Amino acid sequence: QVHLVESGGGLVQAGGSLRLSCAASGRTFSSYAMGWFRQAPGKEREFVARISASGGITSYADSVKGRFTISRDNAKNTVYLQMNSLKPEDTAVYYCAPRSGATGSYDYWGQGTQVTVSS
């Protein structure tokens with residue numbers, strides 16, 4: 001079992017920045033990849049970014065590439081999402097989740113943190 005707590009969301013104007021944090025506990029954090037996802041009202045949850053267990057490999061959704069940066073600090077059991085040049089369409093609840101090494105699925109979720117970007 002893993003416990004995840006996302007934080008750092010808020011209200012920001014278009015063009016602004018936010019840094020999200022996700023603190024994990026209950027498992028060996030440094031042994032698994034982590035992902036960020038988001039869900040806007042009335043839409044399906046979508047992939048945003050992923051980082052490997054060591055932090056050396058990252059991948060991003062095309063919609064955020066060049067604007068968002070995922071990173072992690074294994075000593076603090078925390079993964080981050082730096083979001084720059086925010087757009088109104090980035091408005092969503094953002095979630096982090098560990099990626100199963102066996103199946104590649106994301107099975108544990110936190111409560112999420114709300115990001116609202118005003119135009």
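Contact, in these legends, means heavy atoms within 4.5 Å. Keep in mind that this is a predicted model, where local features need pLDDT of at least 70, side-chain atom pairs count only at pLDDT 80 or more, and totals for chains, interfaces and linings use all residues. Residues are numbered from 1 along each chain as its sequence is written, and side-chain values use heavy atoms, with hydrogens and water left out.

**View 1. Arg67 and its surroundings.**
Arg67 sits in the loop between S6 and S7. Helices (H or I, at least four residues) and strands (E, at least two) are DSSP runs, numbered from the N terminus. Not counting residues up to four places away in sequence, Arg67 touches Gln82, Met83, Asn84, Ser85, Leu86, Lys87 and Asp90. Is Arg67 buried or exposed? At 11% relative accessibility, Arg67 counts as buried; the cut-offs are under 20% relative accessible area for buried, over 50% for exposed, and partly exposed in between (1.4 Å probe, protein chains only). Its side chain reaches the backbone oxygen of Ser63 at 2.9 Å. The side chain of Arg67 also reaches the backbone oxygen of Ser85, again at 2.9 Å.

**View 2. Two loop residues with positive phi.**
Ser85 has 40% relative accessibility, so it counts as partly exposed. Asn77 belongs to the loop between S7 and S8. Asn77 isn't a glycine either, yet has a positive phi of about 55°. With 26% relative accessibility, Asn77 is partly exposed.

**View 3. The four-strand sheet.**
Here four strands make an open sheet in the order S1-S3-S8-S7, with antiparallel pairing. Two strands pair if DSSP finds at least two bridges between them. Strand S1 (3-7) and S7 are the edge strands, each pairing on one side only. On average, neighbouring strands of this sheet are turned by 15° against each other, direction ignored; axes are lines fitted to C-alpha atoms, for helices over the stretch in contact, and angles run from 0 to 180 degrees between N-to-C directions. S1 and S3 run antiparallel and are joined by five bridges, with His3 opposite Ser25 in S3. S3 and S8, also antiparallel, share six bridges, and Cys22 faces Val79 of S8 across this pairing. S7 pairs with S8 in the antiparallel sense over six bridges, where Ile70 has Leu81 as its bridge partner.

**View 4. The six-strand sheet.**
The order of this open sheet of six strands is S2-S10-S9-S4-S5-S6, and the pairing is mixed. Strand S2 (10-13) and strand S6 (58-60) stand at the edges with a single partner strand each, so one side of each is left without a neighbour in the sheet. From one strand to the next, the twist averages 25°. Zoom in on S4 and S5 and you'll find five bridges joining these antiparallel strands. Met34 stands opposite Ile51 in S5.

**View 5. The disulfide.**
The structure holds one disulfide, a term that covers a pair of cysteine sulfur atoms within 2.5 Å. Which residues form it? They are Cys22 and Cys96, with sulfur atoms 1.8 Å apart. Cys22 lies in strand S3 and Cys96 in strand S9, so the pair ties together parts that are 74 residues apart in sequence. The torsion about the S-S bond is about 55°, so the disulfide is right-handed. Cys22 is buried at 0% relative accessible area, and Cys96 is buried at 0% relative accessibility.

**View 6. The nonpolar core around Val79.**
A nonpolar core is a set of buried Ala, Val, Leu, Ile, Met, Phe, Trp, Tyr and Cys residues joined through side-chain atoms within 4.5 Å. The largest one has 29 residues, and Met34, Trp36, Val79, Leu81, Met83 and Tyr94 have the most contacts inside it. Elements giving two or more residues to this core include strand S4 (34-39), strand S8 (78-83) and strand S9 (92-98). S3 provides the largest share, four residues. Leaving aside neighbours within four places in sequence, Val79 is in contact with residues including Cys22, Phe29, Met34, Trp36, Ile70 and Cys96.

Technical notes:
A polar contact is a pair of N or O atoms within 3.5 Å; within protein, one must be able to donate a hydrogen and the other to accept it, and residues adjacent in sequence count only if both atoms are side-chain atoms.
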